[in-house]
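Here is a short briefing on one protein chain. Look at the structure first, then work through the points below.

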Amino acid sequence: MTKVNLTLFVNENKKTNPLAPPYTNSKFQPKHDIVLKADTVYEMSLFKNTHDYEKNPYTDKEGNPTHRLSITIRESEYWANQKEVVEQNLHHITEQPPKAKVDLDDDIPF
């Protein structure tokens, strides 16, 4: 998987609706399929950007300065080289503890 950037914008509805999320992107349309492989460790980063790559400041509909959040996801090169360590330490997250067997004929303790 190559690096994927997801952009979220300041939600203008947050000003009038306190239950609205602070950031949103209602027109998200990826150009390619985004697939996260099971049992693969990824790096995720969150950036707060006040300007674009050409140093142009981001503004809202009224022209006021604003910002955007960018989430970057990519496979972790570090953890890809530490496969044995990852497998030793992640088993407790992915494995379910054994369930106790219940005998339906047992009396209910009161």
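Predicted model: local features only at pLDDT ≥ 70, side-chain atom pairs only at ≥ 80, totals over all residues.

**Overall layout**
- The chain contains 2 helices and 4 strands.
- Along the sequence, the elements follow the order β-β-β-β-α-α.
- The chain has 110 residues, and 13% of them count as buried.
- Among contacts with a separation of 6 or more, 54% join residues 24 or more positions apart.
- The accessible surface of the chain is about 10100 Å². Carbon and sulfur atoms account for 54% of that surface.

**Salt bridges**
- Side chains of opposite charge can pair when their charged atoms come close.
- The whole structure holds 3 salt bridges.

**Glu 12 and Lys 15**
- Glu 12 forms a salt bridge with Lys 15. Their closest N and O atoms are 3.0 Å apart.
- Lys 15 counts as exposed, because its relative accessibility is 62% and the exposed class starts over 50%.

**Lys 37 and Glu 75**
- Lys 37 and Glu 75 form a salt bridge, with 3.1 Å between the closest N and O atoms.
- Glu 75 sits in strand β4 (residues 68–75), while Lys 37 sits in the loop between β2 (23–24) and β3 (42–49), so this pair ties together parts that are 38 residues apart in sequence.
- Glu 75 is partly exposed, at 25% relative accessibility.
- Lys 37 is also partly exposed. Its relative accessible area is 44%.

**Glu 43 and Arg 74**
- A salt bridge joins the side chains of Glu 43 and Arg 74, at 3.4 Å from N to O.
- This pair links distant parts of the chain. Glu 43 is in strand β3 and Arg 74 is in strand β4, 31 residues apart.
- Glu 43 counts as partly exposed, with 30% relative accessibility.
- Arg 74 counts as partly exposed too, with 33% relative accessibility.

**A charged surface patch**
- Which residues form a negative surface patch? They are Asp 103, Asp 105, Asp 106 and Asp 107.
- Asp 105 lies in the segment after α2 (83–94).
- Asp 105 is exposed, because its relative accessible area is 69% and the cut-off for exposed is over 50%.

Terms used:
Residues numbered from 1 in each chain as written. Heavy atoms only, no water. Patch = residues over 30% accessible without salt bridge, like charges linked within 9 Å, V, L, I, M, F, W, Y side chains within 5 Å. Areas by Shrake-Rupley, 256 points an atom, 1.4 Å probe, with all protein chains shown as cover. Salt bridge = Lys/Arg side-chain N within 4 Å of Asp/Glu carboxyl O. Lys, Arg positive; Asp, Glu negative; His and termini not counted. Charge placed at Lys NZ, Arg CZ, Asp CG, Glu CD. Buried < 20%, exposed > 50% of the residue type's maximum accessible area, 1.4 Å probe, protein only. Contact = heavy atoms within 4.5 Å.
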